Amino acid sequence: MIHLDKTHDPRKNADLLVRITKKHLNIKKAIQETEQIFQEQLEKSISPQKNKIVSKKVPISQKPLEVLFRFIAKPLRILERTKTYVDSEGNVSPEWMTKLDREYDRLVTNLTREVNVVDYGAIGDGKTDCTAAFNKAIGTGRVKVFVPEGIFITKGILLPSCTYLIGTGKGRTIIKLHDRAGKGTRLITNANHWKGNHHVFVEGLSLDWNVERLGEVKKTATWGNHSSCLTYANVIFGWVKDVEGINPGLHCFDISSTLYNYGGDGYRARGGSMYVWLDNLNGHGFGDDGITTHHSDYIMISNSHMCDPSGRSHRIGFSNSNGIEIDDGSRNVLLVNNSTARCFGGIEIKAHQNSSAASNVQIVGHISVNDNRSYNFRHIGHHKSTDIESKSAYHILATNLVAIAPIFTDLYQESAPRGMVVSAYKNVVINHFTLIGDPDYDYKGNPVIAIQYRARNVSLQNLSISNFRKAGVDIKAFGGVNRAKFVQIRNVKIQNSAPIAVMGLKDSNIHNLEQVLI
């Protein structure tokens with residue numbers, strides 16, 4: 001069984017996918033196939049119109065905090081889904097990447113200085129407080145700041161617009177929070193969350209949030225988008241490349257709005273980030289999520305690996321700590337060739353009950369190893385028959401996924417392992433999905449894939465499922481008043497797995513299913 005630890009090089013994920021699946025996919029054709037299924041699905045379903053405001057008038061609950069958030073929120077609009085392109089070498093990118101490339105050229109052109117932080121008094125001895133040296137070197141921006149090898153202690157770094165902060169690589173250049181930094185400190189963030197910043201680039205660093213300084217506290221984070229290794233809030237045109245996040249109180253990397261917003265489904269936060277690319281990131285020991293996005297648009301996350309959260313920003317045993325989380329109000333997010341291990345969720349696409357769901361999310365290539373729920377798509381609080389139906393949980397496309405041996409976890413003790421869960425979301429297409437269980441592991445009769453709780457228009461195609469011998473069923477569509485509807489399964493090979501292949505679907509919804517029990 002494969003094991004991916006914190007030293008895993010995520011740039012190898014594309015090759016690792018081939019080795020695990022034993023498929024040499026033509027990724028361009030596979031994505032086209034996924035999108036064709038999606039378009040056929042849209043023709044048969046009721047979908048929100050692009051650029052339409054989801055709800056101008058949403059009933060206000062009796063919760064004072066939700067009422068307060070309404071005053072600083074804006075109505076949710078449904079965006080047109082971003083197109084995805086594949087070049088001749090198989091590299092996947094969103095259509096807006098050409099725009100971001102032009103903005104990178106603009107960033108480089110606008111840099112008026114190149115400086116070394118050592119020349120401003122920084123000492124990488126792991127002892128000296130270098131906060132003032134970083135502040136002097138960065139100044140008001142329009143600068144490329146080089147950080148050499150060493151361990152540089154700071155109480156937090158603020159990056160103004162047109163700033164390029166670069167080190168010598170993960171594990172060589174380490175920026176570490178000071179022992180006296182507050183619990184809510186962000187190790188690196190942009191300078192102005194309210195007015196916003198633009199053209200910010202961070203590259204070639206390890207970011208150590210130094211959670212050890214807090215001792216045995218009950219929770220390692222404060223509130224909102226604080227307590228993380230790197231936070232971009234209200235940033236337009238941003239890059240984070242070749243960076244490691246170590247033991248943050250909350251998140252390793254958070255692409256966010258000025259404030260999170262909980263004004264209800266149909267509303268989004270103001271001040272979201274736009275056009276941000278995260279590439280070749282590693283993260284571990286996070287109190288909540290490794291990489292997360294909130295109320296932000298046009299985000300790409302590629303060739304990154306998140307593993308082994310502490311879960312310490314949550315109550316013990318109730319830690320929703322995900323490797324990669326596409327959260328409240330995020331739109332047009334593309335994930336390419338990432339990996340996760342031993343998290344609660346490998347990839348979770350979701351929203352809280354009192355926020356709008358993430359929408360227009362596309363995954364191309366992902367490896368989940370020993371996550372409790374390899375892929376978890378849900379809008380919390382919009383599942384039950386008595387709940388209000390989600391106005392915003394739309395459009396997930398995924399191609400070339402791998403789920404290896406999901407397990408029970410102390411992170412969330414009541415959660416049964418799943419290869420995938422789809423709840424509340426409409427228009428979900430999963431194409432080329434390989435699920436490999438541990439034949440000796442006790443899954444306690446649970447299903448491997450669960451389609452449930454008001455999920456609508458879900459297509460599963462080209463699946464390979466094996467070795468979940470102690471699961472109860474491989475694919476289950478749950479019934480009841482809030483049952484999943486319009487679920488299609490096509491081209492599924494099941495070998496040496498659960499005694500029941502599919503439960504809860506009519507035969508007319510199942511095409512070309514092959515089950516072999518050994």
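1. Basis of the note. The model is predicted, so that local features need pLDDT of at least 70 and side-chain atom pairs count only at pLDDT 80 or more, whereas totals for chains, interfaces and linings use all residues. Residues are numbered from 1 along each chain as its sequence is written, and side-chain values use heavy atoms, with hydrogens and water left out.

2. The largest nonpolar core. A nonpolar core is a set of buried Ala, Val, Leu, Ile, Met, Phe, Trp, Tyr and Cys residues joined through side-chain atoms within 4.5 Å. Buried means under 20% relative accessible area, exposed over 50%, and partly exposed in between, with a 1.4 Å probe and protein chains only. The largest such core has 106 residues, and those touching the most other members are Phe134, Ile188, Ile349, Phe377, Tyr425, Phe433 and Ile449. Strand β26 (residues 394-404) gives this core its largest share, six residues. Helices (H or I, at least four residues) and strands (E, at least two) are DSSP runs, numbered from the N terminus. In soluble globular proteins, nonpolar side chains tend to be buried together.

3. Which residues does Ile188 touch, not counting residues up to four places away in sequence? With contact taken as heavy atoms within 4.5 Å, they are Ile157, Leu159, Leu165, Ile175, Val202, Leu205, Leu207, Cys229, Leu230 and Thr231. Another core, of 23 residues, lies apart from the largest one and includes Leu79, Cys162, Tyr164 and Phe201.

4. Cysteines. A disulfide is a pair of cysteine sulfur atoms within 2.5 Å, and the structure holds zero of them. Cys307 is in no disulfide, and the nearest cysteine sulfur, that of Cys343, is 7.0 Å away. Cys307 has a relative accessible area of 0% and is therefore buried. Cys162 is also buried, at 5%.

5. Ile246. This residue is found in strand β14 (residues 235-246). Is Ile246 buried or exposed? Ile246 counts as buried because its relative accessible area is 14%, under the 20% limit. Leaving out residues up to four places away in sequence, Ile246 touches Ser206, Leu207, Asp208, Trp209, Cys229 and His284. Ile246 and Leu214 are 32 residues apart in sequence and 15 Å apart in space, C-alpha to C-alpha.

6. Ser339. Strand β22 contains Ser339, which is buried at 0% relative accessibility. Beyond its neighbours within four places in sequence, Ser339 is in contact with Leu4, His8, Asn13, Ser304, His305, Met306, His366 and Ile367.

7. Cavities. On a 1 Å grid over the protein atoms alone, a cavity is a set of points where a 1.4 Å probe fits but cannot get out, and a pocket is an open set with protein on both sides within 12 Å along at least five of seven lines; lining residues have an atom within 4 Å of a point. Grid points are joined across faces, edges and corners, and a volume is the space filled by probe spheres set on the points. The structure holds two cavities of 30 Å³ or more.

8. The largest pocket. Its volume is about 1100 Å³. Of the 45 lining residues, Asp288, His314, Asn320, Lys350 and His352 lie nearest the centre. By class, the lining has 14 nonpolar, 18 polar and 13 charged residues; Ala, Val, Leu, Ile, Met, Phe, Trp, Tyr, Cys and Pro count as nonpolar, Asp, Glu, Lys and Arg as charged, and the others, Gly among them, as polar. The largest share of the lining, three residues, comes from β25.

9. The second largest pocket. This pocket has a volume of about 550 Å³ and 26 lining residues, of which Ala14, Gly90, Asn91, Val336 and Asn337 lie nearest its centre. Which element gives the largest share of this lining? The element is α1, with five residues. The lining divides into 10 nonpolar, 10 polar and six charged residues.
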